[in-house]
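Take a moment with the sequence and the 3D view. Then read on for a short tour.

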Amino acid sequence: MSSTDPGCSGLSVQAVYYTNRGVTPCSPGRKQSRVGAWLLLSWAFGFCLALLRVGFARPELSHSSWPASVCGDEFSILRTPQSVVFRDGSWPIPGDRIPDVAALSMGFSVEEDLSWPGLAVGDLFHRPRATVLVTVKGVDKLTLPVKGISYPIENAVPFSLDSVANAIHTLFSEETPVVLQLAPSEERVYMVGKANSVFEDLSVTLRQLRNRLFQDNSILSSLPLNSLSRNNEVDLLFLSELQVLHDIASLLSRHKHLAKDHSPDLYSLELAGLEEIGKRYGEDSQQFKDASQILVESLQKFADEMYNLYSGNAVVEVVAVKTFNSPLTRKTRSILQSSQSESDNPYNLAYPYNYNYSVIFNIILWMMIGLALAVIVISYNLWNMDPGYDSIIYRMTNQKIRMD
């Protein structure tokens, strides 16, 4: 038997097969199933486009549109693992966004989007176990090794890694993170987690630093002083800061298990001894030149030691700043300022993007993938459905209802 419907095309064997089952190949039931499949695919395609438009519409600053400027201060990368990628270029980094670079390199989110081309997207599933940031005051550039990457700093203002430290303390409070923020010249120290037990013997006050230098195992026994003197207070301050770098790596080497856990660690150090030497002797003096050379060698040794302690999974950064543009002030809010802040934003408009962007992006992305797979499976089954056998609904669409 062959099909006589001019709008239907197919083999005669198929016509016999479907006619014997009570339905023709071009029956309304089979047409409706294919129309339904096409409608479902069209709806899914439009829905996926809408999700793509919402999920991926994120304004970014291209490399060509980044402003080029000449800046004296420098942000250098001494050591970095393979999971963190810093591009080689001369893009200036704003001074107040350096903490955001440290946070993003560790895998944390930031409140404001950072469109700096220097930091590329690395391995999202393998983040560094530690970030070491050393700030050197009194010099705008250090003669670092060739293998390092340096970027100019635009508008060098004082910064703090408090936001990164708070994120580590909040997310890994039940684990063993090590957070150390230290400024020896100001006797300012901040420790979180296991840092209190690891660095309990670390010298933090000026008196402790001076006494530490004259012990038997200090750096004075092995460090060439050249034109520097052991009897000058300014020189001793500079040398005590180098002693702190040596002691941090030495104390941490006694607790190597903390460098192999899953919680990230943070080290933020501020060195001002070179600035004091420049003020005392002048930047053209032999003491300043010798101190700069000793500092570069000590920083490189410290970076190698920290990098090896974390098995090559640590980021070591150095910020060289001549002078900061403005003093560091902490923002506070009082009741008297509430009326003024409300007048600046009368409609209480939110930021276009906030730190929840990554969460929303992942929800939309995986929901879109799941719906797309479900639509494909459903459409495939609708397309290949047998209307004469699978359901009585499609058998009712024939002109002659078979009586079983």
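This report covers the sheet, then the aromatic rings.

The model is predicted: local features need pLDDT of at least 70, side-chain atom pairs count only at pLDDT 80 or more, and totals for chains, interfaces and linings use all residues. Residues are numbered from 1 along each chain as its sequence is written, and side-chain values use heavy atoms, without hydrogens and water.

**The sheet.** Eight strands form an open, mixed sheet, ordered β3-β6-β1-β10-β5-β9-β7-β8. β3 (93-94) and β8 (188-193) stand at the edges with a single partner strand each, so one side of each lacks a neighbour in the sheet. Strands are DSSP runs (E, at least two residues), and helices are runs of H or I with at least four. Two strands pair if DSSP finds at least two bridges between them. β1 (residues 74-79) pairs with β6 (residues 149-154) in the antiparallel sense, over four bridges. Phe75 has Tyr151 in β6 as its bridge partner.

**The rings.** The structure holds three aromatic pairs. Rings of Phe, Tyr and Trp (its six-membered ring) pair if their centres lie within 6.5 Å; planes under 30 degrees apart are stacked, over 60 edge-to-face, the rest tilted. Two of the pairs are listed here.

| Pair | Centres | Planes | Type |
|---|---|---|---|
| Trp116 and Tyr151 | 4.8 Å | 75 degrees | edge-to-face |
| Tyr267 and Tyr310 | 6.5 Å | 70 degrees | edge-to-face |

Trp116 lies in the loop between α3 (98-105) and β4 (119-120) and Tyr151 in strand β6, so their pair ties together parts 35 residues apart in sequence. Trp116 is buried, at 3% relative accessible area. Buried means under 20%, exposed over 50%, partly exposed in between (1.4 Å probe, protein chains only). Ring pairs also link Phe199, Tyr267 and Tyr310 into a cluster.
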